[in-house]
Amino acid sequence: MKNKLSTLELKWIMYDVGNSAFILLATSIMPIYFNHLATQAGLSETEYLSWWSYAASIATICVAIAGPLMGTLADFDGNKKKIFLGNALAGAFLLFCFWIPSHWMAFLALFIFCKILYSISLVIYDSMLVDVCPEDKMDMVSSKGYAWGYIGSCIPFIVSLGLMLGYENLGMGFQTAILLVFLLNAVWWALFTLPLAFSYKQKHFVPRKGHAARQTFGRLWKVLKEIGHNRKVLLFMAAFFFYIDGVYTIIEMATAYGTSLGLDQTGLLLALLLTQVIAFPAAILFGYLAKSYSAGELIKVGIFAYFCISIFALFMYSIWQFWILAAAVGVFQGGIQALSRSYFARIIPKNQTGEYFGLYDIAGKGASFLGTLVVGLISQLTGQQNIAVGTLAFLFLIGYLIFARANTLPDPVYDENGAHTSN
């Protein structure tokens, strides 16, 4: 049946379950623990938010440089599995090491390196989609990946939350609880990486011709020129740069933002858990809606919703408002990410998905330095966190206008070498 998942599709989805444990931890408990270290060192709440923003920006700038190169290299026959597995397992190992730093600067440095490895693993993972399922199932499989990632990551998160809040009742010290939190999530990430790594076969690839490094740079330069003449892909990536930048900034900065406003930490973490629970059925719903409505129209709905969410953030001062924000994000977060991934996979050549998704990551996670940098700078300059987060509305507005234009263009057609022949 069309809606039934194959074994490989299921294993591909399982990696979303695994890596989502890291990103949920990075947007919830990590900022709180960093705040603990920063407060001990005498940093103010505004300085804490700014430094966390700068660290996120540095990590994503590094990914913007390394992502396309690693993606292009992954398109050679047999490389995707090796690069994917190496980055995922190295990232899981660094995640375990987060309990070691006792100074906030060392903690931030570890965060930057771990975030880079995580992001590069996702570049390769996203590019695997064309090998995992047929084109007519991409929206559904991509949506289920995000959906099961959201709900699956709740398991280690709930256990981690219990350790953080109840370590005294469990008869352990705070540092022991922190060690167990990072160990649990690292093992979770690693275990859900292995099924895909063992079963994946690279179907679409570029043959090696001469020196691999020279060919990698040459192909990347060629793709950049190709995109410059491919209006559909170029406009989509420009739009994606703006709207997904805002999405990832909200994801990354939610707990740090709420903490800086002085909101109750337990309430913040439970609100983020609510986001994950709501995002599970919502992401699956978007996948099914894509059968009746075009992915492009659904993406526009998601962008507009995030525009409204960022405006709402301007007036947020209490925990109940944060709960509303968390619920609204949960409804649209998975859908806009999943459909953007499958939309892009359909408009690029299948034998060059690694290099294209490397550039996609620049326009997405790799480009989120803009949002986090803006939030950090405006927060530091004005001392008003609400104004800083509210400025993200401009990113969604620009993204919507550009995407609306891109969506009116026909999908490009490619020859066997990956060069587009028409728009």
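The model is predicted, so local features need pLDDT of at least 70 and side-chain atom pairs count only at pLDDT 80 or more, while totals for chains, interfaces and linings use all residues. Numbering starts from 1 along each chain as its sequence is written, and side-chain values use heavy atoms, with hydrogens and water left out.

**Helix 1 with helix 7**

- Helix 1 (residues 7-26) packs on helix 7 (residues 138-152) at an angle of about 40 degrees, with the axes 7 Å apart.
- Helices here are DSSP runs of H or I with at least four residues, numbered from the N terminus; axes are lines fitted to C-alpha atoms over the stretch in contact, and angles run from 0 to 180 degrees between N-to-C directions.
- That angle makes helix 1 and helix 7 oblique to each other, the label left over once angles under 35 degrees count as roughly parallel, over 145 as roughly antiparallel and 65 to 115 as roughly perpendicular.
- The crossing of helix 1 and helix 7 is right-handed, meaning that the near helix is turned clockwise from the far one by less than a right angle.
- On the helix 1 side, E9, W12, I13, D16, V17 and S20 make the contact, and they meet V141, S142, K144, G145, Y146, W148, G149 and G152 of helix 7; contact means heavy atoms within 4.5 Å.
- Sorted by class, that contact has 6 nonpolar, 5 polar and 3 charged residues, with Ala, Val, Leu, Ile, Met, Phe, Trp, Tyr, Cys and Pro as nonpolar, Asp, Glu, Lys and Arg as charged, and the others, Gly among them, as polar.

**Helix 5 with helix 16**

- The axes of helix 5 (residues 104-127) and helix 16 (residues 353-363) come within 8 Å and cross at roughly 130 degrees, so this pair is oblique too.
- Helix 5 and helix 16 also cross in a right-handed way.
- S119, V123, D126 and S127 of helix 5 touch T353, G354, F357, G358, Y360 and D361 of helix 16.

**Cysteines**

- There are 0 disulfides in the structure, counting a pair of cysteine sulfur atoms within 2.5 Å as one.
- C154 is buried at 5% relative accessibility, whereas C62 is partly exposed at 31%; buried means under 20%, exposed over 50% and partly exposed in between, with a 1.4 Å probe and protein chains only.

- F241 sits in helix 12 (residues 231-260) and is partly exposed at 23% relative accessibility.
- F241 and A363 are 122 residues apart in sequence, yet 4.2 Å apart in space, C-alpha to C-alpha.

Conventions: Helices (H or I, at least four residues) and strands (E, at least two) are DSSP runs, numbered from the N terminus.
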